[in-house]
Amino acid sequence: MSERVLPPGAMPAAGAPRAAGEERRVMTQRSINDDILRLIDRPGPVWIAAFALDLVVLLIGALALRNEVVLGLGVGGWTRPVMWASYITNFVFWVGIAHCGTLVSAILFLFRSHFRRAVYRVAEAMTVFGVLTAGLFPLIHVGRAWFGYWLFPYPSQRQIWPNFRSPLEWDVFAVTTYLTLSSVFFVVGLVPDVAAARDRARNPVLRGLYTLMSFGWTGANGQWRHYYGAYLYFAALCTPLVLSVHSVVSWDFAMSQTAGWHNTIFAPYFVAGAIFSGVAFVINLLIVMRKVFKLEHLVTLDHMEKLSKLVLLTSTIVGYSYLTEFFMAWYGPSNAERDVFLFRYFGHFWWASWTMFTCNVVLPLLLWFKPVRRNMTVLFVLMLFVNVGMWFERFVIIVTSLARPFEPYAWDVNYHISWTELAVTAGAFAWFFMFFLVFVKVLPAFSIAELKETLPAPKRRRP
Amino acid sequence: MSATGAVARAPRGGAHRGVMGVFTYVDDAEAAIRALRADGHRDLSVFSPVPYHELERAQEQRPSAVRWVCLAGGIAGLSGGFTLCIWSVLQWPLVTGGKELVSLPPFVIIGYESMILLGGLFNLLGMLLLARLPQRRSPAPYDPRFTEDRIGVWVPASGDGARRAADALRGHGADEVDIHA
C-alpha cells in the first residue's frame with residue numbers, strides 16, 4: 001500500500017468517486033477556493049440556452065398574467081364554489097419549497113450536523129427565491145395586485161387597520177418576516193465567500209458587486225468573532241421562525257370552519273410536508289449541479305444520502321398525517337368531515353388524491369434501500385415525483401374541501417385548471433429558476449469558508 | 001509581502017505602522033500570538049480564512065456582545081407587535097361575536113413574528129456595528145491570501161518594538177515577515 005504525504009491541512013475528498021486504482025482527490029483550502037470560484041465564470045452555451053428557455057417560459061407566464069389582470073380573475077379558473085385553487089396551491093407549494101433552506105442552514109447548524117456545510121448555500125438560495133416566488137401568488141390571487149400594500153398595517157387617512165385576528169394577516173407577518181430574515185441570513189452567510197471572490201475577480205463589474213457585498217471583509221479576528229456570534233443567533237431565531245411560518249400558513253386553512261381543513265394536526269403536518277418537498281427539491285438541484293460542475297468530491301454521495309434520509313423521515317410523517325386525517329374523519333362526530341374525505345379519495349378528484357398519496361407515501365418507501373439513496377438517477381426521478389405529489393397535496397386540500405362545502409346545494413365539481421393558471425404556474429417556476437441560474441453564475445454557490453472548516457487545521461506539530 | 005494587489009481592491013489599507021507576519025500553520029501563529037501578547041502587544045489583528053479556536057484562545061477573546069443587541073431587538077419586537085395590535089384594535093374597533101376587542105391569543109402570532117423580525121434585524125445591526133462593517137480601509141495591510149489559506153498576524157509597532165516583533169514572528173515560523181515603517 002503506497003503512502004502519500006498530504007499538504008498541511010489537506011485531506012482526501014471523502015466519498016469522491018474513484019475508478020479502480022485511482023487516487024482520491026486531495027482537498028486543500030486553496031483547492032476549495034479554486035473549485036467553487038471557478039463556477040463563477042463566463043456563461044457557457046448550456047447556461048445561456050437554459051436561461052433563454054427560462055425567459056421564454058417566464059414571458060408566457062407574464063402574458064397570461066397580463067391577460068388575467070385585464071380580463072379579470074374568471075380567466076384564472078375562478079368559479080364557485082372553488083374560489084381558492086391553483087394560485088393558493090402554488091403559494092403553499094413555494095412556501096414549502098422555501099423551508100428546506102432554513103432547515104439545512106439554521107436547524108442543522110444548531111444540531112451541529114456538519115454535512116450541511118456542503119449543501120446549505122444552495123438550499124438557502126432556494127429558500128430566498130422560493131419565498132420571492134410564493135409572495136407573488138397572494139398578490140396574483142387578490143386580483144388587484146397594485147393594492148397589495150393594503151395588507152400591511154400603516155397609518156392611513158381612513159384610520160383603517162388590518163384585522164390582526166385573521167390568519168391571513170398572520171400570514172402577512174409570517175411570510176414577510178421569513179423573506180426578510182432568510183434574505184439577511186443568506187447575505188450574511190455569503191460575506192466571507194464573496195470576499196474570497198472579490199480577491200480573485202477580474203471583471204470590474206463583478207469586483208464592484210463583491211466589494212459591496214463583502215462589506216470590506218478581511219477575515220480579521222474581530223470580524224469573525226462578531227460574525228459567528230451573530231450567525232448563531234440568526235440560526236436560533238430562524239429555527240422557530242421556520243416552524244412558525246408553515247404553521248401559520250396551515251392556519252389559513254385550519255382556522256376556518258371548512259370540512260377537511262378544520263384540524264389541529266395541520267401545523268405539524270404542513271411543516272413536515274414543507275421540509276419533505278423542500279429537501280426533495282434541493283436534492284434535484286444538487287444532483288444537477290454536482291454533475292454539471294463536476295463537484296462530486298465536494299457534494300458527495302454521503303451528503304446526498306443524508307438528505308434523502310431526511311426525505312424518508314418526513315415522508316413517513318406526511319403519510320402518518322394522511323392516515324390520521326382519514327382516521328379522525330371516520331372516528332370523529334362530523335358527517336361533513338367524513339363525507340369530504342370519502343369525496344377526496346373516491347369522488348371527482350380521486351386521481352389527484354391518489355397521485356398525492358402514491359408520490360408522497362408509496363414511492364418514497366424505496367428510500368429504505370441504500371442502493372436507491374446512492375443512485376443519483378433514481379434519486380432524481382424519485383424527488384421529481386415527490387414534488388409533483390406535494391403540489392397535488394396542496395391542490396387536493398384546497399380544491400376538494402371547497403368543492404364540498406356544508407350546504408349540499410353548493411356542491412359542484414365544475415373547477416378545471418385553466419390555461420392561464422397553467423401558464424402562470426409555469427411562469428412561477430421560470431421566475432424561480434431565473435434567480436437561481438443567475439445566482440449560480442454570480443455568487444459562490446457553495447460555502448467556501450464552511451467547507452474549509454471540514455478540513456483539519458493546518459498544523460506543523462501533529463496533535 | 002505582496003500586498004499591493006490587495007491594496008488596490010477593497011478594503012484598502014491606509015498608512016500602517018507595524019509588522020505583518022504570514023503563517024501557514026495554525027500552531028505557529030498561535031505560539032507567535034502568545035509570545036507577542038506576553039511581550040505586551042495586546043492590540044494584535046489576526047487574519048484567517050476560517051475562524052480557528054486556537055487563535056481565539058491565544059487572544060483570550062470573549063464572546064461577542066451581539067447577543068445583547070439581539071435580545072434588545074427581540075424585546076422591542078415582542079412589545080411592539082402586541083402594542084400595534086392592541087392600539088389599532090382600540091382605534092378601529094371591530095367587534096366579532098361580541099367578544100373582547102383585545103384578544104391576546106391571536107395577537108401572540110403578531111408579537112412572536114415581530115419579535116423574530118426585530119431580533120434578527122438588530123442582530124444584523126449589532127454584528128455590523130461591533131465588527132465595524134462595512135469598512136473601506138483595513139486597520140492593517142491586507143493580503144488576498146488571507147481569504148485563501150494563509151494566516152496573517154499584524155502587530156502595530158515601530159522602531160525597536162517593530163524589530164522585536166519581527167524577530168518573534170520569524171522565530172515562531174512565519175513564512176514572511178514585513179516591517180511597515
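This is a predicted model: local features need pLDDT of at least 70, side-chain atom pairs count only at pLDDT 80 or more; totals for chains, interfaces and linings use all residues.

Visitor: Let's start with one residue. Why is Ala35(B) called partly exposed?

Guide: A residue is buried with 20 or more other C-beta atoms within 10 Å of its own, and exposed with 12 or fewer. Ala35(B) has 17 C-beta neighbours inside 10 Å, so it counts as partly exposed. You will find Ala35(B) in helix 2 of chain B, residues 26-38.

Visitor: Which residues is Ala35(B) in contact with, leaving aside its neighbours within four places in sequence?

Guide: Contact asks for C-beta atoms within 7 Å. With those neighbours left aside, Ala35(B) is in contact with Ala168(B) and His172(B). Ala35(B) and Ala165(B) are also worth a look: 130 residues separate them in sequence, while their C-alpha atoms are 9.3 Å apart in space.

Visitor: What makes strand 2 of chain B largely enclosed by the rest of the structure?

Guide: Six of the six residues in this strand, 18-23, are buried, so the strand is largely enclosed. Gly18(B), Met20(B) and Val22(B) point one way, and Val19(B), Gly21(B) and Phe23(B) point the other way; all are buried.

Visitor: How do you know that strand 2 and strand 5 of chain B pair?

Guide: Pairing needs at least two bridges. Strand 2 and strand 5 (residues 151-156) of chain B have six, in the antiparallel sense, so they pass the test set by that cut-off. One of the partners to look for is Pro156(B), the bridge partner of Gly18(B) in strand 5. Strand 2 also runs antiparallel to strand 6 (residues 176-180) of chain B, with five bridges joining them. In strand 6, Val177(B) is the bridge partner of Gly21(B), and Asp178(B) is that of Met20(B).

Visitor: What makes strand 3 and strand 6 of chain B edge strands?

Guide: The sheet is open, with four strands in the order 3-5-2-6 and antiparallel pairing. Strand 3 (45-47) and strand 6 each pair on one side only, and they are the edge strands. Neighbouring strands of this sheet are turned by 15 degrees against each other on average, direction ignored. Helix 2 of chain B packs on the sheet and touches strand 2, strand 3 and strand 5; its direction makes about 15 degrees with that of strand 5.

Visitor: Where do chain A and chain B meet, and which helix of chain A gives the largest share?

Guide: In this model, 56 residues of chain A are in contact with 64 residues of chain B. Helix 9 of chain A gives the largest share of the side of chain A that touches chain B, 17 residues. By class, that side has 28 nonpolar, 17 polar and 11 charged residues.

Notes:
Residues are numbered from 1 along each chain as its sequence is written. Chains are lettered from A and ligands numbered from 1 in the order in which they are written. Helices (H or I, at least four residues) and strands (E, at least two) are DSSP runs, numbered from the N terminus. Two residues are in contact if their C-beta atoms, placed from the backbone, lie within 7 Å. Ala, Val, Leu, Ile, Met, Phe, Trp, Tyr, Cys and Pro count as nonpolar, Asp, Glu, Lys and Arg as charged, and the others, Gly among them, as polar. Axes are lines fitted to C-alpha atoms, for helices over the stretch in contact, and angles run from 0 to 180 degrees between N-to-C directions.
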